[in-house]
Amino acid sequence: MGFIQRASRQLAQLFCKERLVMSSSQKPDLDWESRWKDGRTGWHRDEVNDRLVQYHGRLLEGANAEKKLNVFVPLCGKTVDMLWLNEQGHHISGVDLVRQALDDFVSENKLTSTVSSVKNGDGEEVTLIKAGENDCFSLFPSDLFKVDCTALGQVDAAWDRGSYVALSPEIRPRYAENMAAVIKPGGRVLMEVYDYVQSEHAGPPFSTPNDEITSAFGKNFTIEIMQTEDALEYIKLRFPITTRFDRSMVLLVRKAN
Ligand SMILES: C[S@@+](CC[C@H](N)C(=O)[O-])C[C@H]1O[C@@H](n2cnc3c(N)ncnc32)[C@H](O)[C@@H]1O
């Protein structure tokens with residue numbers, strides 16, 4: 001199967017699958033604990049993100065066999081993208097509010113794990129699940145904003161799929177500030193974002209058009225929109241979005257302070 005067919009199949013699977021477990025609603029469904037408990041996790045994919053595979057060379061630029069990166073996956077859920085990034089030779093730091101997401105990641109992938117805690121920069125204890133061979137995964141069941149660079153260590157790169165777009169508009173500027181605080185100068189962030197008419201769907205995912213990305217991240221990052229594709233046919237299967245639905249891949253590079 002060619003690349004285009006594979007990408008189309010992945011999109012179709014994603015959107016069809018979620019429709020089976022979610023119903024459209026007038027209010028954003030941000031009760032993440034309940035969503036995990038009830039299995040309303042239709043965003044989860046069993047296959048590695050096709051655009052991560054396509055663009056990982058830009059995200060992980062400068063890495064080589066001797067230089068292992070610390071790759072941050074905020075709002076990670078139980079994404080298999082973490083496994084794939086680890087297979088490329090990198091340490092993975094994932095954060096998710098819901099403990100079940102991380103426990104599922106560990107058990108479904110048959111990883112060994114130990115639970116401890118670390119202090120963040122405010123002296124607060126944050127739970128840390130070290131998992132996999134040589135503790136190659138550091139998983140934090142926590143609110144994103146409590147896991148700072150004291151807890152994470154130096155972050156070289158970040159993969160954001162379903163993270164920024166999962167947050168309500170009033171929290172998103174804080175997410176952008178937080179990303180700038182944890183990632184090292186020259187560090188890269190690869191993001192998947194969506195642009196649609198927000199009034200057609202309550203979210204998440206929320207619409208985060210390019211001008212919003214520029215105003216949220218432009219102060220601390222250079223921004224490159226690497227690709228935009230029309231995914232309206234697929235999103236229509238899942239949500240009552242009818243006007244347009246553009247899926248973009250964005251590369252952010254942290255400016256020097
Ligand atoms: C749409 S899912 C995306 C998960 C994952 N990135 C993926 O692609 O499969 C959003 C995730 O963010 C988590 N989450 C929401 N708010 C959070 C917060 N403030 N801090 C940490 N995790 C959060 C939820 O529990 C949920 O697992």
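Me: What stands opposite I129 in strand 5?
Reply: In this predicted model, I129 has L139 of strand 5 opposite to it.

Me: How do you know that strand 4 and strand 5 pair?
Reply: Two strands count as paired if at least two bridges are found between them; strand 4 (residues 125–131) and strand 5 (residues 137–141) are joined by 3 bridges, so they meet that condition, and they run antiparallel.

Me: What makes strand 3 and strand 8 edge strands?
Reply: The open sheet has 9 strands in the order 3-4-5-2-1-6-7-9-8, with mixed pairing. Strand 3 (113–119) and strand 8 (221–230) each have a single partner strand, so one side of each is left without a neighbour in the sheet. On average, and with direction ignored, neighbouring strands here are turned by 20° against each other.

Me: Which strands does helix 5 touch where it packs on the sheet?
Reply: Helix 5 (residues 99–108) touches strand 2 (91–96), strand 3, strand 4 and strand 5, and its direction makes about 155° with that of strand 5.

Me: Why is a set of residues called a nonpolar core?
Reply: The name applies because its members are buried residues of nonpolar kinds, such as Phe and Met, joined through side-chain atoms within 4.5 Å. The largest one here has 37 residues, and F72, M179, M191 and F217 have the most contacts inside it. Strand 7 gives the most to this core, with 6 residues.

Me: What is F217 in contact with, leaving aside its neighbours within four places in sequence?
Reply: The contacts of F217 beyond those neighbours are Y164, Y175, A176, M179, M191, I223 and L252. A second, separate core of 27 residues includes L60, L69, V73 and C136.

How values were computed:
Residues are numbered from 1 along each chain as its sequence is written. This is a predicted model: local features need pLDDT of at least 70, side-chain atom pairs count only at pLDDT 80 or more; totals for chains, interfaces and linings use all residues. Side-chain values use heavy atoms; hydrogens and water are left out. Helices (H or I, at least four residues) and strands (E, at least two) are DSSP runs, numbered from the N terminus. Axes are lines fitted to C-alpha atoms, for helices over the stretch in contact, and angles run from 0 to 180 degrees between N-to-C directions. Contact means heavy atoms within 4.5 Å. Buried means under 20% relative accessible area, exposed over 50%, partly exposed in between (1.4 Å probe, protein chains only).
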